[in-house]
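Biologist: I'm new to this one. Could you walk me through how to read it?

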Amino acid sequence: MNRETLLNLLLLCVLLAVPVWAHAAEEPFIITLVTRALIFAIAGIGLNMALGQGGLVSLGHAMFFGLGGYSMGILASHAQTYTPLFEWPILLEGSNSMPVIWITAIAVAGLAALITGQLSLRTSGVYFIMITLAFGQMFYYFAVSWPAYGGDDGLSIYVRNEFPGLNTLDPIQFFAIVFALLIAVLMLAAAVARSPFGLALNAARQSPARVEAVGISPYRLRLLVYVLSGMITGLAGALFADLNRFVSPSMFSWQTSGEIMMFVILGGVARLCGPVVGATVFIALEHFLGGLSDYWQIYLGVLLLVIVLFARGGLVGLVAGKQQAHD
Amino acid sequence: MSLLLFAEQILNGLQFGIMLFLMAAGLTLIFGVMGLINLAHGSLYMTGAFAAATVASITGSFTLALVAALIAAAAAGALVEVIVIRRLYKADHLDQVLATFALILVFSEGTRWLFGSFPLYLNVPEALSGSVTLPGGIRYSLYRLALIGIGLLVALGLYVLIAHTRLGMQVRAGQSDREMIAALGVDISTLYTIVFALGAALAGLAGALVGAIQSVQVGMGEPVLILAFVVIVIGGIGSIKGAFVGALLVGLTDTLGGLLLPGFFGWFMEPASAVSAGSVLASMSIYILMAIVLMVKPCGLFGVRH
């Protein structure tokens, strides 16, 4: 077992132990804080697939995060008022069941990724960054100007959605759901990285011409990973909306995209648990520095600068050494 | 809809486009010469606006405010280039995005710390307030007209600078072959600082000019930055001509979309839903424009594949 695997296991144990302790000590706030970090981590794992494996620097992942959030918001608000989404061509009711909402969020985000991916992946490099950013912004303005679901003000859901057999309003039970999903997503990411698809994708990042020469289309690999990545981030968006019981256009904002990217980079690009480390550190900084100063993001900015300029490979890279680092 | 309203909206679109051009020109120049994607360009726009608002409230002079905006933005740009940006030229785009994103955090929170969260106001100078009657009976704000004029002058100046001066020659040489121009004895690192400061000054000027018709506040730069990205993606990254054409296209699409689309939907929908459908589509119109341009020309209208 190498140092990185050991570190990952240790990290997950800590992330499990802290809420359990907080539950015993009756500190629900800490449980919610850790839950938030885990949800951000799932969003980061989504981006890390496209970014680390595929080399696709997407600055528009807020699009998927927001779509996941609005999937939850729209379904739950219709369930709340007992009005169907639409009656034609088929009758579609709202829903307050988490699994239904998750599947919807994943499907909607995947579809959006399929459509925008086909356009964005026609380009590469700096064009790709700007186009994904612009698509994210397009959804932001769409959400702001669409009055049916709250527009600029967002949408509140009064009761957290239901999961069979659990009381989701209990922080520790909701945490358990999110933790289980995080483990599932991590296992999926690890499986993808080891699969023939993941290997071909890595090869396509390092040398597209050679991959093309052996008869694999880099475009199709990239589109597939982009869709997969969007789906995972969409799931995180639905969870985030459920955590807050509130969705607003700010989930679509470009700052959200930047933050998701920050989770990946703080932890370390293409590291399995990089986004988990990054999101945890981000939440910890927000909590502790935010308590010290209203302007804590200055320190965050400086930290990020230092990591980008001097600690390539992120925090996981610092601790686990360079053995896994890519190019 | 009256023809006068339509003409006024076309002028509004032009004015918006020209201001976008000031932002986009700097971005595209910096990308063309140094290969750097600069997310913090919006922060320089904000710097210009805050400098102008502060100087205007102390001295009361709009001219001094504009000078202050130019100097403050250029100085901030040069400082940031020397401390941070210089280390990023050889880095990949991901590092550039992150480092400049970090700079936005520092700039935005720093400004909030210095000036507070409340917006500042910058008044339109007295000589330019009020409106004029243009040929054809169109009444239009004198200040907005002046913005179009200033923007066109800057565009012309930029053209002369790039096409007909020694500095412009070095910039063009830097765009096509960086190593060769260094080998010919041009101090490339000073050239980069100058280009960055020039782009920053243009952004600062735009911030100050627009600051007088909008409020000056933290975060004002980023929406404009993203539109400027759309502009240079449409025009082709690295091309100033492309930035100019793209900026006018985006400005006109945005303004006219908001005006025409609700009416267009009104032909076959009931008024209330036509207005909301129209405004939803109008808010997305420039991104749809970008998607169409990319489908036809993936490198933008005037772009060349690097």
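Modeller: Let's go feature by feature, starting with some ground rules.

Modeller: This is a predicted model, in which local features need pLDDT of at least 70, side-chain atom pairs count only at pLDDT 80 or more, and totals for chains, interfaces and linings use all residues. Residues are numbered from 1 along each chain as its sequence is written, while chains are lettered from A and ligands numbered from 1 in the order in which they are written.

Biologist: Which residues touch the most other members of the largest nonpolar core?

Modeller: The general idea: in soluble globular proteins, nonpolar side chains tend to be buried together. A nonpolar core here is a set of buried Ala, Val, Leu, Ile, Met, Phe, Trp, Tyr and Cys residues joined through C-beta atoms within 7 Å. Buried means 20 or more other C-beta atoms within 10 Å of the residue's own, exposed means 12 or fewer, and partly exposed is in between, with C-beta atoms placed from the backbone. The largest core has 206 residues, and A:Ile42, B:Ala52 and B:Val230 touch the most other members. Helix 1 of chain B (residues 3-34) gives the largest share of this core, 16 residues. Helices are DSSP runs of H or I with at least four residues, strands are runs of E with at least two, and both are numbered from the N terminus.

Biologist: And what does A:Ile42 touch?

Modeller: Leaving out residues up to four places away in sequence, A:Ile42 touches A:Leu181, A:Leu182, A:Val185, A:Ile232, A:Leu235, A:Ala236 and A:Leu239. Two residues are in contact if their C-beta atoms, placed from the backbone, lie within 7 Å.

Biologist: How many residues does each chain give to the contact between chains?

Modeller: The size of an interface is often given as the accessible area lost when the parts come together. Here we can count residues: 35 from chain A and 35 from chain B. On the chain A side, the elements that give two or more residues are helix 5 (125-145), helix 10 (254-267) and helix 12 (296-310). Helix 5 of chain A has the largest share, 14 residues. By class, that side divides into 27 nonpolar, seven polar and one charged. Ala, Val, Leu, Ile, Met, Phe, Trp, Tyr, Cys and Pro count as nonpolar, Asp, Glu, Lys and Arg as charged, and the others, Gly among them, as polar.

Biologist: How do I read a pair of packed helices?

Modeller: Two packed helices are described by the angle between their axes and the distance between the axes. Take helix 4 (residues 98-120) and helix 9 (residues 218-244) of chain A, which pack at about 145° with their axes 7 Å apart. The axes are lines fitted to C-alpha atoms over the stretch in contact, and angles run from 0 to 180 degrees between N-to-C directions. The contact includes A:Trp102 and A:Gly110 of helix 4 and A:Tyr226 and A:Gly230 of helix 9. By class, it has 15 nonpolar, seven polar and no charged residues.

Biologist: What about strands? In which sense do strand 1 and strand 2 of chain B pair?

Modeller: Two strands pair if DSSP finds at least two bridges between them. Strand 1 (residues 131-134) and strand 2 (residues 138-141) of chain B pair in the antiparallel sense over four bridges. B:Val132 has B:Tyr140 as its bridge partner, and B:Leu134 has B:Ile138. The two strands form a hairpin with three residues between them, and B:Gly136 in the turn has a positive phi of about 95°.

Biologist: Which residues does A:Glu162 touch?

Modeller: Not counting residues up to four places away in sequence, A:Glu162 touches A:Asn96, A:Ser97, A:Met98 and A:Thr168. A:Glu162 and A:Asn96 are 66 residues apart in sequence and 6.0 Å apart in space, C-alpha to C-alpha. A:Glu162 is in the loop between strand 1 (155-156) and helix 6 (171-194) of chain A.
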